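Hi everyone, thanks for making time for this. I'd like to walk you through one protein model today, so please have a look at the sequence and structure on the screen.

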Amino acid sequence: SSGTSTSQFFNGLDDYIDYTIRFQNTGTDTAFTIVVRDTISANFDLLTTEILGSSHTMHADVRQPRVLTFTFDDILLPDSGTNEAASHGYVSFRIRPVEGLLPGTMLTNSADIYFDFNTAVATNTTELVVEQSTGAADEALLDRQMSVYPNPAGNDLRLIVKDGVHKVFSFDVLSIDGRVILRENSFLDGEHVDISTLGAGAYVVRLRDANGGVRQASFVKR
């Protein structure tokens with residue numbers, strides 16, 4: 001997702017696109033090595049890649065032209081039949097599109113995941129459409145935004161509304177696929193949020209004020 005949308009990237013307003021690649025060992029034995037290979041489109045500036053977090057120790061490098069590779073050596077990921085909760089993993093990163101993309105350009109991304117010596121498992125393909133941000137619309141989008149600290153987060157998250165007005169909100173924490181994971185009906189901006197019940201991964205937090213205004217931001221839970 002971009003800073004303002006899960007379907008659009010606004011030139012002049014958004015900087016990065018955040019990606020989270022999830023995997024699960026659904027085989028019949030422990031996975032010793034997992035390799036995630038993401039071939040980065042020429043619409044992205046590969047040199048701007050930033051690693052946001054991962055479920056297990058890994059190292060990242062670029063192999064062949066534009067193939068971003070994440071290698072989890074000795075991950076010892078149990079199969080889902082033995083331990084479903086521990087059979088999951090992920091890696092999160094962000095990257096900037098190249099400058100000068102025309103409105104309507106489609107930013108797509110997908111990856112291949114290799115479990116030991118098995119054939120690749122392909123992820124779904126994500127899509128963001130480049131749009132040109134304009135005047136008043138830019139201000140409206142910025143007014144709905146907020147900051148989250150720290151990011152990546154541990155068990156505690158602080159939400160700061162950028163318009164400087166102290167308000168009471170309700171908020172939802174959503175998974176990347178849109179499911180509501182956590183909900184609070186009364187929240188004063190600037191307070192800390194207990195996210196200790198969330199599993200590791202990427203999430204979106206969405207605030208709503210009494211007038212129906214919406215602000216949202218993404219974060220990663222370690």
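**A strand pair to start with**

Let's begin with E8 and E11, two antiparallel strands joined by four bridges. Within that pairing, Thr-108 sits opposite Glu-127 of E11. Before I go further, please keep in mind that this is a predicted model.

Now follow the side chains along E8, which covers residues 106–109.

**The overall picture**

Stepping back, the protein has 18 strands and one helix. It has 222 residues, and 41% of them count as buried. If you take the contacts with a separation of 6 or more, 64% come from residues 24 or more positions apart. The exposed surface comes to about 11,500 Å², with carbon and sulfur atoms supplying 49% of it.

For a closer look, take Ile-34. Not counting residues up to four places away in sequence, Ile-34 touches Phe-23, Phe-70, Thr-71, Phe-72, Ile-75, Leu-77, Ile-113, Tyr-114 and Phe-115.

**A buried aspartate**

Let's go back to E2, because I'd like to show you Asp-18, which is found in that strand. Is Asp-18 buried or exposed? Its relative accessible area is 16%, and buried means under 20%, so Asp-18 counts as buried.

What does its side chain meet? There is a polar contact of 3.1 Å with the side chain of Arg-94, and another, of 3.2 Å, with the side chain of Ser-218. Leaving aside neighbours within four places in sequence, the contacts of Asp-18 are Ser-1, Leu-52, Phe-93, Arg-94 and Ser-218.

**Backbone points to check on screen**

Last topic, the backbone. Most peptide bonds are trans, and most residues other than glycine have a negative phi. With that in mind, where are the cis peptide bonds I want to show you? One joins Tyr-149 and Pro-150, with omega about -15 degrees. Another joins Asn-151 and Pro-152, with omega about 5 degrees. Pro-150 lies in the loop between E12 (146–149) and E13 (156–161), and Pro-152 is found in the loop between E12 and E13 as well.

As for phi, Arg-66 has a positive value near 70 degrees. Arg-66 is found in the loop between E5 (59–63) and E6, and with a relative accessibility of 27% it counts as partly exposed. Leu-76 also has a positive phi, near 50 degrees, and is found in the loop between E6 and E7.

Key:
Residues are numbered from 1 along each chain as its sequence is written. This is a predicted model: local features need pLDDT of at least 70, side-chain atom pairs count only at pLDDT 80 or more; totals for chains, interfaces and linings use all residues. Side-chain values use heavy atoms; hydrogens and water are left out. Contact means heavy atoms within 4.5 Å. Buried means under 20% relative accessible area, exposed over 50%, partly exposed in between (1.4 Å probe, protein chains only). Two strands pair if DSSP finds at least two bridges between them. Accessible areas come from the Shrake-Rupley method with a 1.4 Å probe; for residues, only the protein chains shown count as cover. A polar contact is a pair of N or O atoms within 3.5 Å; within protein, one must be able to donate a hydrogen and the other to accept it, and residues adjacent in sequence count only if both atoms are side-chain atoms.
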